[in-house]
Amino acid sequence: MEKMRGKELALDLLADVAGGFVQAVALHCFINNIDIAPGGASGMAILLNRLTNLPIGTLTFLINIPLLIASWIYLGKEKTIKTLKTVAIMTVILDGLVTPYFPVYSGDKMVSCLFGGVLIGISLAVIFMRGSTTGGGDIAAKLLQKYRPHMQTGKAIMATDLVIILLSMVVFRNIESGLYGLINMVVGTYVIDVILYGMNKSTMITVITEKPKEIADELMDELERGCTFLKSEGAYRKEDGKTVICVLDRKQFYKAKKIVYDIDPRAFMIVSEAQEVYGEGFLDSDWEV
């Protein structure tokens, strides 16, 4: 048990150092010099840096202190301690290692915006994988959900980030800062999703039909994809039936749709995106994080 705890702590520290280093490079080398605030505590720290000239890492840590206190009270101590550790390591790396020694990219502003977003997305994904956060917007979003419990986490985080992006237009005195900030935020979010959920997005179809066997047989023969029958009962007619579920590569959807409606023009089909699929014909499921 002690060995397991030691291993987990070592992995947490490794993720904090790696994620903290990548984010420090993003903030110092690409983002800070083009007058944008990417949201979260680091975005607010960039704005305050313009007003106070204090180091961005130190400001990020100070901004997180009241949020961490609120998190300890309302959200629990375990995740708060993890976040405190992550924020402290990121502060040391940004102010003590990257800012004094690393050069600042001074080329095209859009290149800085995009590369900064990609690097921030990578850093956050690495940290999220170990169950930690960088504080700031994540904590603020969770606290916001305390008062608005039906608000989705993604929307809550976006709401807090948008406030900082709007403030950036006031501090930097131009609308362009806010627009670049939005681009940076979207790119970072996309990169996080790709790393955490993968790029192997597939399509799942759910077909309610009077000809389930015929449709399933044709899908399996033509597309070489397995199908599953679910027993179902129509609420209106009170009749038992079978619902067909099939997961496809996205490129196969058009052909699957044609198969379904050639066999049963009256079929009811629900199409949804499957973020990750593991098993025969898709990704190998025998892996560890």
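Colleague: Why does Phe115 count as partly exposed?

Modeller: Its relative accessibility is 47%. Buried needs under 20% and exposed needs over 50%, so a value in between is partly exposed. Bear in mind that this is a predicted model.

Colleague: And what makes Phe30 buried?

Modeller: Phe30 has a relative accessible area of 14%, and the cut-off for buried is under 20%, so the label follows.

Colleague: How many aromatic pairs does the structure hold?

Modeller: There are 3 aromatic pairs. One of them joins Phe21 and Phe102, and it's edge-to-face.

Colleague: What makes that one edge-to-face?

Modeller: The planes of Phe21 and Phe102 are 75° apart, with 5.7 Å centre to centre. Centres within 6.5 Å make a pair, and planes over 60 degrees apart make it edge-to-face, so both tests are passed.

Colleague: Why say that this pair ties together separate parts?

Modeller: Because Phe21 is in helix α1 (residues 2-31), while Phe102 is in the loop between α4 (77-101) and α5 (109-129), 81 residues apart in sequence.

Colleague: Why is the pair of Phe30 and Phe115 called stacked?

Modeller: Their ring planes are at 20° and the centres are 5.8 Å apart.

Colleague: Which residues do ring pairs link into a cluster?

Modeller: Phe30, Tyr105 and Phe115.

Colleague: Last one: where does the charged end of Lys242 sit?

Modeller: Over the ring of Phe229, 5.0 Å from the ring centre.

Notes:
Residues numbered from 1 in each chain as written. Predicted model: local features only at pLDDT ≥ 70, side-chain atom pairs only at ≥ 80, totals over all residues. Heavy atoms only, no water. Phe/Tyr/Trp six-rings, centres within 6.5 Å; stacked < 30°, edge-to-face > 60°. Helix = DSSP H or I, 4+ residues; strand = E, 2+ residues; numbered from the N terminus. Buried < 20%, exposed > 50% of the residue type's maximum accessible area, 1.4 Å probe, protein only. Lys NZ or Arg CZ within 6 Å of the ring centre and 35° of its normal.
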